[in-house]
Amino acid sequence: MNIKQNIVTKNPCYTCGRTIAVKGLMIHSVGCPQPRASVFANNWNKAGVNKCVHAVLQADGTVLQLLPWNRRGWHCGSGSKGSGNNTHIGVEMTEPDTIKYTGGSSFTDLNPAATKDFVTKTYKTAVELFAYLCRQYNLNPLADGVIISHSEGHKRGIASNHGDVEHIWNKYGLTMAQFRKDIQAAMGGGSIAAGGQAQSIATTAPEALKTIKKGDTVTFAGGPVYKSSTASQAAVTKNVISTCEVTALNEKGTHPYHCISRDGKGVYGWVDKADIRIN
Ligand SMILES: [Zn+2]
């Protein structure tokens, strides 16, 4: 998995600035035969587009991150009990150009072997991304309602009536139950470093973060690193867990802490509050 930041700074989900407390993750499938995530990023990076997900992922392991993870996305509409947009990060999987939709969520498969290969690979990318996000937000992938598909969200009354992702997964033997188990396995029983080696990190309630001072040692849990505390695009995404010194603070900034690795992991710049754990 390779997370690339491509923040859609013109999309209303970004510009309106609303944030959520992340309680879960919702998986979607785009519903059209378009394998390239950049197409969605470009289409949605406009004022007046009334939808946006947090990320779109590809079969080759690329994840294009379109919104900061704690921005409120518009990805699932709403149902009788409210909207998953208020609680869940939304991620779209791209779909192969070897299928052709025939109406609703029905499609014909022009090349079953290639389609299965593509769908299996996007599934794998999704498992890796969701394991990474579960670690970031301290989520239990097996807990009720934490990891759900768009269609499961509809059944729970928090999403519009769509058939993804089961409309495509079911044809290739993939299920949400297995997805949740695979995420847990990828987390290595509760913690994972995005680089692959399992590592445990300390977690602290966000309220405790108020007490961070210049000179404190903290754990960076992996995520974007910015050149300034107010930058809209990350300079780099560091998927490492690193012991860092806080060398400057800007509590009013979007990325309030300037961190420098003290363990050689190469973090150097401004980072988000959500990516910091107090040691
Ligand atoms: Zn959907």
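Student: Between which two helices is the loop that holds valine 165?
Tutor: This is a predicted model, in which local features need pLDDT of at least 70, side-chain atom pairs count only at pLDDT 80 or more, and totals for chains, interfaces and linings use all residues. Residues are numbered from 1 along each chain as its sequence is written. Helices (H or I, at least four residues) and strands (E, at least two) are DSSP runs numbered from the N terminus. On that basis, valine 165 lies in the loop between helix H4 (150-155) and helix H5 (166-169).

Student: What is the value of omega for the cis peptide bond from aspartate 164 to valine 165?
Tutor: Valine 165, in the loop between H4 and H5, is joined to aspartate 164 by this cis bond. Its omega is near 5°.

Student: Which strands stand at the edges of the sheet?
Tutor: Two strands count as paired if DSSP finds at least two bridges between them, and six strands form an open sheet of mixed pairing in the order S1-S4-S3-S5-S2-S8. Two of these strands have a single partner strand each, so one side of each is left without a neighbour in the sheet. They are strand S1 (2-5) and strand S8 (147-149).

Student: Which residues touch the most other members of the largest nonpolar core?
Tutor: A nonpolar core is a set of buried Ala, Val, Leu, Ile, Met, Phe, Trp, Tyr and Cys residues joined through C-beta atoms within 7 Å; a residue is buried if 20 or more other C-beta atoms, placed from the backbone, lie within 10 Å of its own, exposed if 12 or fewer, and partly exposed in between. The largest core has 53 residues, and its largest share, 11 residues, comes from H3. The residues that touch the most other members are Leu66, Leu129 and Phe130.

Student: At roughly what angle do the axes of H3 and H6 cross?
Tutor: Axes are lines fitted to C-alpha atoms, for helices over the stretch in contact, and angles run from 0 to 180 degrees between N-to-C directions. The axes of H3 and helix H6 (residues 176-186) come within 8 Å, and the contact (C-beta atoms, placed from the backbone, within 7 Å) includes Phe130 of H3 and Ile183 of H6. The axes cross at roughly 60°.

Student: Is asparagine 138 buried, partly exposed or exposed?
Tutor: Asparagine 138 lies in the loop between H3 and S8, and its phi is near 55°, a positive value in a residue other than glycine. With 15 other C-beta atoms within 10 Å, asparagine 138 is partly exposed.

Conventions. Contact = placed C-beta atoms within 7 Å.
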